[in-house]
Amino acid sequence: MTMLPPSPVAPTVNFDRDGVQHGFLRLPYSRDDSAWGSVMIPITVVKNGSGPTALLTGANHGDEYEGPIALFDLARTLKPEQITGRVIIIPAMNYPAFRAGTRTSPIDRGNLNRSFPGKPNGNVTEKIADYFTRYLLPLTDVVLDFHSGGRTLDFLPFAAAHILPDKALEARAFAAVAAFGAPYSTRMLEIDSVGMYDTTAETMGKVFVTTELGGGGTSRAETVRIAKRGVANLLRHSGILTGAAEPVTTRWLDMPSGECFSFAEDEGLIEPCVDLGEGVRRGDVLARIHPVGRTGLAPLECRATLDGLLAARHFPGLVKAGDCIAVMGTLDD
Ligand code: ZN
């Protein structure tokens, strides 16, 4: 906490109180239509005695929906007598982005998952990040941060943790991912880890589980079921929720290097040649990008760089140069 000023965020809940509290993280945001206004981020705290703390978040990116659905539902239904310890639920972490249905905040264009560790005197998004870094993460043992692909990507449903320098922490994180029990479990290498919530929590020694459960700016019945089952399983695995975890089978997927990611080198109309979960061999065509300025031109071919399966794809039908158009994974089994 050294020389930083205190966070301007004022919680309306008491994190030390037993029982269920529904309240807000109130973040002052003075603006034209509300001189002394605030951003009101919904939060639920459920606590029963002493025990581990889980911090559960959705809508770190505002256009990803399985997390908010599972967590608004859990916040409404979880009872103190079902747990030992504490569950802190924030269904929509970047609340302005969630309300706008956009990945980043409409207030400051902030991408919350690139804004960590945050700043108490920064913009609204940086103030949210700072509150998590200095106030919520220190209370926490295990973190679950739900993601999906948002409006521009679609994923095979997986839970994931990162390959970490601290191998003991990495093993605990992978055990938590297995307990979550998504159809796929991923050992992730980040291509852009600077400023991530994940990295901040992991550096503090917290078990951090993330997900990619679908995408396209919506959700599906199957991916919502995976989210609800996964959060309950993780809370049981962590010794917080009573009852045995539902047994699940999961397949381990590796994303071993930057080679897993394919990016469009030109704009155009994308023709998928492989669907999510389909196996491919190195050199197979994953997608073709058709030029749309005139007829008669050959499409660009995007080829698999390794043997594996298609784990993620670009979602909208048109691509721009630089868009991520495919992510490959390799199966462990
Ligand atoms: Zn996301």
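Helix α1, residues 66-77, has 12 residues and reaches 17 Å from its first C-alpha to its last, close to the 16 Å expected at 1.5 Å a residue. The expected span is 1.5 Å times one less than the number of residues. Helices are DSSP runs of H or I with at least four residues, strands are runs of E with at least two, and both are numbered from the N terminus. The model is predicted: local features need pLDDT of at least 70, side-chain atom pairs count only at pLDDT 80 or more, and totals for chains, interfaces and linings use all residues. Residues are numbered from 1 along each chain as its sequence is written, and side-chain values use heavy atoms, without hydrogens and water.

The buried residues of α1 are Glu66, Gly67, Pro68, Ala70, Leu71, Leu74 and Ala75. Buried means under 20% relative accessible area, exposed over 50%, and partly exposed in between (1.4 Å probe, protein chains only). Their cover includes β2 (19-28), β3 (38-48), β4 (53-57), β5 (85-90), α2 (95-100) and α6 (221-237).

Helix α6 has 17 residues, which should span 24 Å at 1.5 Å a residue; its end C-alpha atoms are 24 Å apart, in agreement. Its buried residues are Thr223, Val224, Ile226, Ala227, Gly230, Val231, Ala232, Asn233, Leu234 and Leu235. Among the elements that cover them are β4, α1, β5, β6 (142-145), α4 (167-180) and β10 (207-212). Just after α6, Gly239 takes a positive phi of about 75 degrees.

α1 and α6 pack at an angle of about 55 degrees, with their axes 9 Å apart. α1 is therefore oblique to α6. Axes are lines fitted to C-alpha atoms, for helices over the stretch in contact, and angles run from 0 to 180 degrees between N-to-C directions. Angles under 35 degrees count as roughly parallel, over 145 as roughly antiparallel, 65 to 115 as roughly perpendicular and the rest as oblique. From α1, the contact draws on Glu66, Ile69, Ala70, Leu71, Asp73 and Leu74; from α6, on Thr223, Val224, Ala227, Lys228, Val231 and Leu235. Contact means heavy atoms within 4.5 Å.

Ser262 lies in strand β12 (residues 261-263). Ser262 counts as buried because its relative accessibility is 6%. Residues up to four places away in sequence aside, Ser262 touches Leu286, Cys302, Arg303, Asp323, Cys324, Ile325 and Ala326.

Gly308 belongs to strand β17 (residues 308-314). The C-alpha atoms of Gly308 and Thr330 are separated by 4.3 Å, although the two residues are 22 residues apart along the chain.
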